[in-house]
Amino acid sequence: MMNAPSVRRTGLLATGAATVTVVLWASAFVSIRSAGEEYSPGALALGRLLVGAVVLGGVCLVRREGLPPRAAWPGIAISGLLWFGFYSVVLNWGEQQVDAGTAALVVNIGPILIALLGARLLGDPMPPRLLAGMAVSFAGAVTVGLSMSGGGGSSVLGVVLCLLAAVGYAGGVVAQKPALGHASALQVTTYGCLVGAVLCLPFAGQLIGDAADASLSATLNMIYLGVFSLALAFTTWAYALARTTASSMGATTYAVPALVVLMSWLALGEVPGLLTLAGGALCLAGVAVSRSRTRSARVVAAAAPQPEQTRESA
């Protein structure tokens with residue numbers, strides 16, 4: 001049983017880890033936009049996964065992390081196939097077929113699917129604040145998407161690919177949650193990344209050809225995606241996910257569109273309009289609502305055992 005200060009510390013660490021994740025995932029959109037001009041979707045996905053696997057494997061060796069327990073492998077395998085592999089390829093492909101606004105709109109169905117699947121398969125609670133926060137954030141994502149959709153075209157194929165990406169993302173997150181009850185965040189991330197890399201090996205020829213012709217900037221962006229938005233961000237995600245519900249973590253990712261708007265403004269000089277800024281503010285407000293808890297919920301959380309305690313006592 002954890003005392004109140006320990007619960008608060010665990011909650012702060014989980015919130016900090018989730019914050020690192022959403023900031024790095026938001027920065028990935030800027031890097032993907034650059035690298036995607038010179039790398040094909042499959043090649044970019046494989047290159048990113050290989051870089052991430054090397055970094056994560058090195059950390060596992062330093063920390064002497066062994067193989068995950070057998071009970072964790074079903075969740076690792078499914079999340080590796082759906083999220084690390086399938087999602088990466090179809091999202092890269094879809095973003096080449098539709099404008100950024102349409103992609104943002106369709107992919108942001110993902111957190112809603114996570115909430116529905118989490119409630120159905122994991123028994124995640126669906127408190128009113130979570131539902132209200134997700135509704136506000138989704139409205140913000142729609143606003144951002146509409147404000148960004150004026151200059152590009154959309155294809156049926158692109159919309160379908162983005163929808164499949166959202167489904168793969170949701171399925172991967174829900175599959176990953178039980179695995180974190182048996183293995184560490186680093187183990188789940190490392191071996192999920194390896195599964196995704198194996199799935200993408202058919203693109204090895206494209207990766208070699210694209211890398212030979214790509215500029216240094218594009219290649220550095222791909223390396224950045226592997227080191228930071230994959231190896232680091234997915235590990236901090238898994239750490240936070242082990243300490244909360246899949247539904248709550250999914251809602252947290254609604255902060256990504258707002259951060260993408262800010263980063264595009266600062267890094268690319270893309271000045272957002274008032275509608276885009278309003279949508280970003282809604283996204284952040286919805287995340288704040290969904291992450292808030294009543295006093296009674298905090299008391300219950302203080303009395304509940306934490307994931308690490310459960311593994312140690314098993």
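Predicted model: local features only at pLDDT ≥ 70, side-chain atom pairs only at ≥ 80, totals over all residues.
**Entry 1: overall make-up**

I began with secondary structure. I found 15 helices and zero strands in the protein. I then looked up burial. Of the 314 residues, 49% count as buried. Next came sequence separation. I took the contacts with a separation of 6 or more, and 92% of them join residues 24 or more positions apart.

**Entry 2: nonpolar cores**

I looked for the largest nonpolar core. It has 66 residues. Y39, W83, V173 and W237 have the most contacts inside this core. Which helix gives the most to it? I noted helix α10, residues 216-241, with eleven residues.

**Entry 3: W237**

I went back to W237, one of the residues with the most contacts inside the largest core. What does W237 touch, leaving out residues up to four places away in sequence? I listed T21, W25, W83, Y169, V173, Q176, M249, G250 and T253. W83 and V173 are also named with W237 for the most contacts inside the core.

**Entry 4: α2 against α10**

I turned to α10 and its crossing with helix α2, residues 41-63. The two axes come within 8 Å and cross at roughly 55°. The crossing is right-handed. I checked who makes the contact. From α2 I recorded A43, L44, G47, R48, L49, V51, G52, V55 and L56. From α10 I recorded M222, I223, L225, G226, V227, S229, L230, A231, F234 and T235. By class, I have 13 nonpolar, five polar and one charged residues in this contact.

**Entry 5: α3 against α8**

I then took helix α3, residues 73-94, and helix α8, residues 185-199. Their axes come within 7 Å, and the crossing angle is roughly 55°. That makes α3 oblique to α8. I logged the handedness as right-handed. On the α3 side I noted W73, I76, A77, G80, L81, F84, G85 and F86. They meet Q187, V188, T189, Y191, G192, C193, V195, G196 and L199 in α8. How many residues of this contact are nonpolar, polar and charged? I wrote down eleven nonpolar, six polar and no charged.

Conventions
Residues numbered from 1 in each chain as written. Heavy atoms only, no water. Core = buried A, V, L, I, M, F, W, Y, C linked by side-chain atoms within 4.5 Å. Buried < 20%, exposed > 50% of the residue type's maximum accessible area, 1.4 Å probe, protein only. Helix = DSSP H or I, 4+ residues; strand = E, 2+ residues; numbered from the N terminus. Contact = heavy atoms within 4.5 Å. Axes fitted to C-alpha atoms, helices over the stretch in contact; angles between N-to-C directions. Parallel < 35°, antiparallel > 145°, perpendicular 65-115°, else oblique. Left-handed = near helix turned anticlockwise from the far one by under 90°. Nonpolar A, V, L, I, M, F, W, Y, C, P; charged D, E, K, R; others polar.
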